Structure formats: structure tokens, C-alpha cells
Amino acid sequence: MTGTPKITQAMIDAYDEYTHLTLDRRGFMARLTGLAGSAAAAAAILPLIAASPARAAIVDPRDARLSTVWARFPAGDTEMRAYVAKPAEGEGPFPGVLVIHENRGLNAHIQDVARRFALDGFIAVAPDFLSSAGGTPPDEDAAREMIGGLDGERTVAEAVASREWLAALPGSNGKVGVVGFCWGGGLVNSMAVADPALLAGVAYYGRQPDPADAPKIRAALLLHYAGLDERINAGIEAYRAALEAAGVEHEIHVYEGVNHAFNNDTSAARYDKQASDLAFERTVTFLKEHLVDD
């Protein structure tokens, strides 16, 4: 086999099923081998579909414009570990954004996303929601299994505690929004239901909450969806109707022709730069509208 292997939508769909715990690795590789035509072809295709921690960060961790630290803080009976990035210059106060990771845990990509928000003038805090289980492991398969075993109510409570901790940080203006991706996008929606003090939530291709809970939401919402993401998109219309009926401020954007996880630039096959850039621009504008002091 020579050249770049051909990646089909069926291969990407199979990977999505695998990463969301409905297909194990052996089953996924068997399906990918069948789609690719050989085990050798499947082995060449997998790194192009999967997220790669080896791909370069968009914002250098040593960027002199930023101040970054690892922090720990209490959240109920859990000591949360978090990556914190903020502008290196200026006393603020700065608006805060909580950055919630995908089902791979707090990895280098999410730390990079936090730095991007810091460059736009936010204090960005990316908590590790596997802190109670010892922290995000290097093995992404292990991280997915660990996240699948988390208690939902406890996780939401830890998210709310993280928002409260960020709001009280020195240099913060006390106004906090939350941005989440994939599993983290679903947590944004759950947090919006549970936390009346949350001002703004941005969910990237996140699972919707029970539409009956929409009247509990006080935060303004910005919801990004991938046009090819049939699994998540099945819940859009019911959620939209519930938000409209409840009078919840919201924006919904569906980016046609792109896949689930289109924002993750470490996955060559699924990343879409045009959609990612537009969604991030919309996200920063939305958060500043709701979090920056007049």
C-alpha cells in the first residue's frame, strides 16, 4: 500500500461507536479491517482517525504571553486537579471559562484549548474529572473506561464546585462560563440544569439533557453540532423546542459535512479547520458578551 490510505465515513462512524463504549477495541479493529481490506491497511488508517497526543499544540505551553500552573482544590470529598491558564500581563479582572474535556480525560489537547482561551483574555481552568480515580492515565482506552464508570451526580457536583472555585480566584471578575467537548459537552448541558449561578454554557456535540429539565436552566447556551453526527443530532429538535418553550436564551449551530469531534485538531480524519475556527470565534464572542463587565 502506497500513499495516504483512503478513509471512509463508515470507518469514522465505527471509530465513533468504539470511542463511545458501544464497541470494544477488538470489535472495532475487526470492523476497520473489513472496511479497509486488510489488517495492514487498518493499522495505517487508525492513527489518522484516532487522536494523536504527538501532534503539535496550537499554543506553545511556554508562550510568554501566558501564565500556566497546575492547581488542586476541594470539590466535595474529591481533591480536583486542574490546569490553569491566564494572561501573563494585566491585573484583570478577567472573565473565567471552565474547559471540560472529552472522554479521554484531561490530555494535552484540552490543555492547549485552555491556553487558547487565555490568549483571548480569560482565566481558563481545565479540571480533571478523573481526579477521584487517581487522575487521567496516559492510555486513552483506560481513560474512556474510567469515565464510563463515573457517577453522574457526583461529576456534576464536581463541575459546579470547579465553577465556584474559578469564580473566587484572584484576578477573576467572578463571572464564569463553561465550554465542553463531546462527553464534556454533555456535562455542560447537565451543569446548566443543575447550577443556577452558571452564566453561560457552550456545548460542542454534547449529549442533551432531559428536555423536561429545560425550565431549570438559567445560563445562556451556545450549542455546536456536527452535521454528520447522527447519534448526537437525534436529540437536537426536542432540546431546541424545550429551550424555546422555557424561554432559555440559546443559539444552535450545525456545521454541515463535518464529523463529531471536528474541533479536535489531533485527529487528522475528523478535524475540520474551517468549522473549528468558526465555532471558536463564535464561542469567544458569546462568552465575552455574557462574562465581560460593561
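I began with the aromatic cluster, which is made up of Phe181, Tyr204, Tyr205, Tyr255 and Phe262. The model is predicted, so I kept its limits in mind: local features need pLDDT of at least 70, side-chain atom pairs count only at pLDDT 80 or more, and totals for chains, interfaces and linings use all residues. Residues are numbered from 1 along each chain as its sequence is written, and side-chain values use heavy atoms, with hydrogens and water left out.

I then looked up the ring pairs. Rings of Phe, Tyr and Trp (its six-membered ring) pair if their centres lie within 6.5 Å; planes under 30 degrees apart count as stacked, over 60 as edge-to-face and the rest as tilted. I noted ten aromatic pairs by this rule. Tyr205 and Phe262 make an edge-to-face pair, with 5.3 Å centre to centre and 75° between the planes. This pair links distant parts of the chain, 57 residues apart: Tyr205 is in the loop between β6 (200–204) and β7 (220–226), and Phe262 is in the loop between β8 (250–255) and α10 (273–291). Helices (H or I, at least four residues) and strands (E, at least two) are DSSP runs, numbered from the N terminus.

Tyr255 and Phe262 form a tilted pair, because their planes stand at 45°, with ring centres 5.2 Å apart.

Are these residues buried or exposed? Buried means under 20% relative accessible area, exposed over 50%, partly exposed in between (1.4 Å probe, protein chains only). Tyr205 is buried at 1%, Phe262 is buried at 0%, and Tyr255 is buried at 7%.
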